[in-house]
Amino acid sequence: MTKKLISLCCIVCLLLGMPGVAQGGIMSAAAREAMERIAGKVAQEGTETAAKKTARELMEKAARSIPEIAEYVKKFGDDAYYLVEKPARVKLCAQFGDDAAEALVKNGRVAEEMLTSFPTQECAAGMKNLSREEARELASLLKSGKVNSSKIDDFWRFVSRHPKFSMASAAAATGLVVAPRIITETIRLVGTMIEHPVASVFVLLLLATLLWGAWTWLLKRFPRLALCILKFPGWLGKKLSSLFQSKQ
């Protein structure tokens, strides 16, 4: 029975253990060409105020005939015009889709620099999930050289899959920053359980079964040892309590 349960858990974990990063909706050719034209006209403006006004007018005009641009204007409001203020931003949106657009609107110049330095879909999805403060902190760490830059791909992959984790937790779990091994492995375990809840239930059931089997065997073979193990937490609690009381 135990062997069958182990086999079932292994199969479930293999089936659920390899999800890729969901690709952000890639921009259509019509939307890309329209935004490139807008970016070209915006770049010709002499002042920042004029550039923003031109971007707003042209984006609103294009939104009437191109659903994707209409969606950007509806989703991001005034921030949507930021995407066409530079041709480089349009290129990033065309390359990485909605993930890049959300990252650029949310984290501005930092996101643009990151996507230029690390042009991957995982980076776009990861930057979308970082807050402004976290994005600035990460940029500062990378510039200072205090992080393990060889682990940056693992970091982007982790952040893109686990949006609820903080930047610090993701950096520790992926080895981007130095952290005690127990912290790193604990964060990895929690992240895996969140990502694959069904597989986690099977694994927890398996562990519970194995622990219960081990306890039953110990109780039958070495009852005195089992009794000592049961009494140990209470004994330790009394010792600690008396120790604290004596110090006071």
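Reply: Start at F165, which is found in the loop between α8 (152-161) and α9 (167-174). Helices here are DSSP runs of H or I with at least four residues, strands are E runs with at least two, and both are numbered from the N terminus. This is a predicted model; local features need pLDDT of at least 70, side-chain atom pairs count only at pLDDT 80 or more, and totals for chains, interfaces and linings use all residues. Residues are numbered from 1 along each chain as its sequence is written, and side-chain values use heavy atoms, with hydrogens and water left out.

Is F165 buried or exposed? F165 is buried, at a relative accessible area of 17%. The classes are buried under 20%, exposed over 50% and partly exposed in between, with a 1.4 Å probe and protein chains only.

The rule asks for a side-chain nitrogen of Lys or Arg within 4 Å of a carboxyl oxygen of Asp or Glu. Side chains of opposite charge can pair when their charged atoms come close. R157 is partly exposed at 30% relative accessibility, and D154 is partly exposed at 33%. Elsewhere, salt bridges that share partners join E85, R89 and E112 into one network.

E85 forms a salt bridge with R89, with the closest N and O atoms 3.7 Å apart. E85 is partly exposed, at a relative accessible area of 23%. R89 is buried, at 6%. E112 lies in helix α5 and counts as buried at 11% relative accessibility. Which residues does E112 touch? Leaving out residues up to four places away in sequence, E112 touches Y82, K86, A88, R89, L92 and L104. Contact means heavy atoms within 4.5 Å.

Another salt bridge involves α5. By the rule above, the count comes to 8 salt bridges. One of them pairs the side chains of K75 and E102, at 2.7 Å, N to O. K75 lies in helix α4 and E102 in helix α5 (residues 87-117), so the pair ties together parts that are 27 residues apart in sequence. K75 counts as partly exposed at 47% relative accessibility, and E102 counts as partly exposed at 23%.

The buried residues of α3 pack against α2 (29-43) and α4 (67-76). Helix α3 covers residues 48-63, 16 residues in total. From first to last C-alpha, α3 reaches 22 Å, close to the 22 Å expected at 1.5 Å a residue. That expected span is 1.5 Å times one less than the number of residues. Which residues of α3 are buried? They are A51, T54, A55, M59, A62 and A63. Seen down the axis of α3, these fall within an arc of 155°, so they line one face of the helix. The arc is that of the directions from the helix axis to the C-beta atoms. The face turned away from that buried side carries the exposed residues T49, K53 and K61.

Now the surface. F232, W235, L236, L240 and L243 make a nonpolar surface patch of about 470 Å². Patch members have over 30% relative accessible area and no salt bridge; like charges are joined within 9 Å, and nonpolar side chains (Val, Leu, Ile, Met, Phe, Trp, Tyr) within 5 Å. W235 sits in helix α12 (residues 223-247). W235 is partly exposed, with a relative accessible area of 49%.

Last, the whole chain. The chain has 12 helices and 0 strands. Buried residues make up 33% of its 248 residues. Among contacts between residues at least 6 apart in sequence, 61% join residues at least 24 apart. The chain exposes about 15600 Å², and carbon and sulfur atoms supply 61% of that area. Areas come from the Shrake-Rupley method with a 1.4 Å probe; for residues, only the protein chains shown count as cover.
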